[in-house]
Structures are given as structure tokens and as C-alpha cells.
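Okay, thanks for coming, everyone.

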Amino acid sequence: MTAAIEWLSEFVRYRELFFFLVWRDVKIRYKQTVLGASWAILQPFFLMVVFSFIFGRVAKVDTEGVPYPIFSYATLVPWTYFQYAVPLAGNSLIQNTGLISKVYFPRAIIPASSALSGIVDFAVASVMLVALMIYFHIPFTAELLLWPVLLLPLVMFTTAVGMLFAALNVKFRDIKYTIPFFMQAMLFLSPVAYPTSAVPERLSALRYLHPLAGILDAFRASVLPTRTIPWGELGIAVGATAVLFIIASVYFYRTERSFADLI
Amino acid sequence: MGEAIHVEHLTKRYRLGSLRHETMLREVITGMFRKRERREEQTILAVNDLNFKVDQGEVVGLIGRNGAGKSTTLKLLSKITYPTSGKIHVKGRVASLIEVGTGFHDELTGRENIYLNGSILGMRKKEIDQRIDQIIHFAGVEKFIDTPIKRFSSGMRLRLGFAVAAHMDPDVLFVDEVLAVGDADFQKKCLTAMDELRSGGRTVIFVSHNMAAIENLCPRTIWIDGGKLRADGPTQQVIASYLATFSDAQRSGYDLEKVANRGGNGMMRFTRVDFLDERGEPTSVFRSGEPIRVRFHYKVNERMKNPDIALAIHSDLGTRITTVSTWQAGYYIPELEPGVGSIDLVIDTLVLQPNRYYLSMWISAVEEWFDVLDHCIAIDVEESDTGTSLGRGLHPKWGLVYTPSRWQLGPPVAASR
């Protein structure tokens, strides 16, 4: 317990470095792309267009009467964040070997700041969500207030996954090849393009193992007036996220002392 | 005055993994299904039972040959890496300077990099705000401070990096060899800045190969050899005895049988290395551009199939310059029976500039290490009248490697209008 408190207090002591690294990642991301901030909108937007054609027109996914573009965009925004942040955080340690072998600071700062830097894109893409809601005449409800709040479990889940990958990546250099595969599998295993109602009832126990699904579903429900927030599902997802976060932190704490020797 | 640093029985053991390759998950997985073969883990003791105390306000030099454990000690003190056993107590706010400009990013401006680098070194934003003008002035980059540093020259980057470091305000400072780079003017400026740090009552541990700088800055010096404390006392005495060990270092032959700090499973060992000149006579002189023959004597303890013998040359700062091996040369050593023998490596042209170099050598086979000797021999390469007979020679400052080459002027081209 004291070790956990010490670990966290070191993190707090270095909070300024944490924010500087987030700021660096955001700044560099927008400096290096020609499209800058618009990239944050274009990515989920184009996916939405492609999905609307495949799942809306060809496969005809049941959206409960909601136009497919807004149905998918509501989950594509948090999904795009996850898809951007996990590989970034997962590879962050091996890409900052210079820092790790030359300076001391709590190592968790590196994957955590990488994971957090993605929320700027999320914010920009959320503006586009509002524009789409107006375009498709989706009424604004009080439930929409939950949209920014849901970012909390989403960032926590993303950070946990990113930290696990990051720590494993230092130890096993072929982990980085598994990240793209993991992301691809997650896209299909999560209710991004399809509703959770499409999942057979007998598989519903899987939600305990897949907190991202519950979080994404809540994101969607906060936008669509036809849905109410699935509080029960969300509660399970948040609980599972917290457990994963603790597991990831403990694993990270146990391995971080050897990072400088292995990297 | 109180104690600032207290090191007790500090020991760091590294697995010899770094000389091998990175671990792959698939190897671990396939390894689970394979029959477990117990292989003796190969380790080296980078730091071996080190004990010392430093009082508050003391400035202590840390010297030793490459691979002696200086840098590891500094990294242990800075908490970058953790000891295998032993304890370290450091009182107060610590800053360590192992590299100048750590974390600099090309796309960010000079000003942005000051904030980033400063916070990496443990400075608070408020402190950087207060000192930013001084930092910019110290670095002498006022004009370019708002341009991305990818447009900076390497000298400007270095100055900016040191400027940030010189404005840290720690109680305890660890500095590693950062003065080895940069021109003489800048080095002087850095030494002055270090001197100011000292007068500010800080505790400093300073690692360097620059004996003049150590003598200038540190009243007390610790000499580490083979990971152990060899001497600790007044700087002049320690440096004198340290340098004395170099005079007999330059020899034509090296007995390697008694070297304790080595890796490998011992199935085959190096016993001796001799250096021979063109005529096959023993020599202790290494000259740029001249041939040299290296004779490795070995002892085979267990019968083995085609071992690979390799030699690596490192700069005095530890950079590996080149590696030659029988495997790479396609030279096939047949099966060896237990016994002794020798093999010659013939270097037609020693392409090293005059400087000090370190040699590492090992004998291995696929997935197996028989003998590993890291930085076991130091050689001083002397200037020679290479290439021309004009006495122009070579100079350490021109780089590490001398390139045998010719110049050829193209045919005249009429000036275009």
C-alpha cells in the first residue's frame, strides 16, 4: 500500500512534466500534418462515410430508425480516440529510449501522457458531432451532457491498455507487431458499426471482459434520443475498467525498474 | 556539514543480454514447449560493492577507464537504473545531467524546447519562467529562439542544452562527461558555470575523462576500477596514481588468462593477444594508416565445431566503431580439439585517427558464448604521415576514422554566361 502511495505521489510530483509531454505530443501532431486540426474530424468522418455505405446500405444494420451516419459517428469519435491512443501509448516507451536511459522520472508518465494527448482530437471531432446532429435533426437531450463525462472511463481504459502494451513492448520486442492486429480485432468486437442489440443474448456475459463495448454503447446512447443510457452496462464497464487499470498499474510498477536496463 | 550522499555496498549486475539480442515473445513461447536446457546465466558486475559518502557542498570527481562502472554508478545514483543490491541515500533535490538536451524535439522552437527539457530535468515551470531570459542569453541564441531547432546547428543545440542545465537549482547534481563535446570556448563557459554551481554550495559528482577539468573543479576524487573503489582522496594524488597505470598499459602483448571480468561459458578462452608489425615482430606502436597483425592465442577446453572469433573497436567514449569477425569474413574455422592454438587477424590498414581506443573480443557460436572480454585492452593510436609524405599527418579532432582515399580534379568546364 505504501508503495502504491509513493508511486502515485511521485507521479503527482512530476505532474508538470506530464502536462509538458501531453502538450509536446499535441503540438507535434498538429505541426507535422498538413491538415492540422481538420485531420481529427476527417478520420472519423471518412470512416463514417465508408461504414454508412457498407453497413447502412449494403448490410443494412438495424439502427432503430436513426440515420446510419449519426448512429456510427457517435461511436466512431470515441473509437478513433482509442485507435489513435493505444498504439501511441503502446510504443511510447520504446520510442523514448533516450529519455528512459538518461533521466529519472516516473516512467508511467510516458504512456499516460501519450494516451491523454489524443483527447484534443476527440474534442475537435465532438464539434463535428454537434454539426451532424443539427443536420440530421437529432434533438439535443440532457443525456448529451454525459458525452464529455464518458471520456473519463474511456481514457482510463485506453491508458490501462496502453500501459500494458508499453511495458510488454520493452520486454518483448515483437509485441509491437501484435498491436495492429489487436486494434483490428477490437474494431470488429466492439459495437462501433453495429448496435449491441445485434449481439446474441447468450454472449452477453462477455461484457464483463470487454468494458470498451459498454463505454462505446453509452457514448451512442447519450447522443441518440431513441436510447436511454444503459446504466447497468455502463456500471459493469466502469468497474471492469477500474480492475484492468489496477492490474496494468501493478504490472507496470513491477517492471519499470528494469526498463533502463532492457531498453 | 551533513551527509548528502551515502552509498553502501552498491552492486549492479547486468545480464549479458545487451551483447546478444532483444528478447522476442515467440522465443519465450517456443521455449516453453522445448526441453528446458539449463544454461548458466551470463552476467557482469558493472558495479561491485561500492561504498562512499559525500558531504553536503562537496564537489567530487569520479574517474576510471571505460567500462569501469562510472556511468553505471551515476545512473544508479540518479535512479535511472536500480541496484541489484546495496543502498543509496541521497538527501535533497537531485538533478542529473547525463546528456545535454535530453528530449529535444526538432519540430519545437528553441523556447518550447527550453520548457520541455527543463521539465524533463525536473525544473518547475515557474522556475523556467523566471530564468528563461538568462538561459537564452547564456546559450547565445536570442535571434533564433522562436524557430524550430531543426534549423539549429549542432553547436547551438549543445549550447541551448547546457544553458538549461546550468540554470537548474538542485541540492545534488550528477554530471557525466557532458563537457567532452563542444569547442574550447564553450567548454570554458561550461566550466565556469560548473564553478558557479560549486560556489552555490551544491553537492556535485562529476564524471569525466578530462583530468584537467577534474583537477580544476574537484578537491576530492574517487577512482573506480572494475566496478570497485580503487582510490578515494585528494584529487591530485588519485589522478597521479590513476595515470601511472597507463604508462605500462602500452605493450606488445596482453596476458588474458587472469582477466576475471569476462563472460561466456568457458568452453574456449582467449589466453593472450600479441600485436605484430609487418615483419612479424612484436610491436607496441599503433600508427594510423599502417598495417598491424593481431595474434589471438586461445585454449579449447571442450571439442567444438566452427567457432566465430570477433574483435570490436570502441572509441574512448564507448562508441563501437567497427567489428570484425571470422563469421562475417566468411572464414571457416574447422572443428577444434581441446588444446591451445592461435589465429591471426591481419589488418592491412589501420584506419583509426590518433586517439585512445578500446578493444573487445569474443568467441561464440550460434546461440552460444564461449568467451566475452569487454574493453579488455586499451590502445593508443599514434599519428603517422599517412597518405602524403608532406608531414601533414592526422589529428584526433578530425574524427575517429581515417579514410584512405585519393582526390581527382574533373576536366575544366567553361564558365556559363
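So, across the interface of chain A and chain B the rule finds 2 salt bridges, where a salt bridge is a side-chain nitrogen of Lys or Arg within 4 Å of a carboxyl oxygen of Asp or Glu. Look at B:Glu112 and A:Lys27: their side chains meet in a salt bridge, 2.7 Å from N to O.

Before I go on, some housekeeping. This is a predicted model, where local features need pLDDT of at least 70 and side-chain atom pairs count only at pLDDT 80 or more, while totals for chains, interfaces and linings use all residues. Residues are numbered from 1 along each chain as its sequence is written, chains are lettered from A and ligands numbered from 1 in the order in which they are written, and side-chain values use heavy atoms, with hydrogens and water left out.

Back to the interface. Between chain A and chain B there are 5 residue pairs in polar contact, both residues being at pLDDT 80 or more. A polar contact is a pair of N or O atoms within 3.5 Å; within protein, one must be able to donate a hydrogen and the other to accept it, and residues adjacent in sequence count only if both atoms are side-chain atoms.

Which helix gives the largest share of the side of chain A that touches chain B? That's helix 2 of chain A, with 10 residues. Helices here are DSSP runs of H or I, at least four residues, and strands are runs of E, at least two, numbered from the N terminus. By type, that side of chain A divides into 12 nonpolar, 3 polar and 13 charged residues. For the record, Ala, Val, Leu, Ile, Met, Phe, Trp, Tyr, Cys and Pro count as nonpolar, Asp, Glu, Lys and Arg as charged, and the others, Gly among them, as polar.

In total, the contact (heavy atoms within 4.5 Å) takes 28 residues from chain A and 30 from chain B. The two chains bury about 2800 Å² between them, 63% of it on carbon and sulfur atoms. A:Phe20, A:Lys102 and A:Tyr104 supply 21% of the area that chain A buries against chain B, more than any other three residues. Buried area, by the way, is the accessible area (1.4 Å probe) that two parts lose on being put together, summed over both.

Now away from the interface. Over all chains the structure holds 27 salt bridges. One of them pairs A:Asp121 with A:Arg29, with the closest N and O atoms 2.2 Å apart. That pair links distant parts of the chain: A:Asp121 sits in helix 8 (residues 119-135) and A:Arg29 in helix 2 of chain A, 92 residues apart. Are these two buried or exposed? A:Asp121 is buried at 11% relative accessible area, and A:Arg29 counts as buried at 15%. Buried means under 20%, exposed over 50%, partly exposed in between, with a 1.4 Å probe and protein chains only.

Over in chain B, B:Asp344 forms a salt bridge with B:Arg295 at 2.7 Å between the closest N and O atoms. This one joins strand 16 (residues 339-347) to strand 13 (residues 292-300), 49 residues apart. B:Asp344 is partly exposed at 26%, and B:Arg295 is partly exposed at 28%.

Last stop, A:Asn169, in helix 10 (residues 151-171) of chain A. A:Asn169 is buried, at 0% relative accessible area, and its side chain makes a polar contact with that of A:Asn91 at 3.0 Å.
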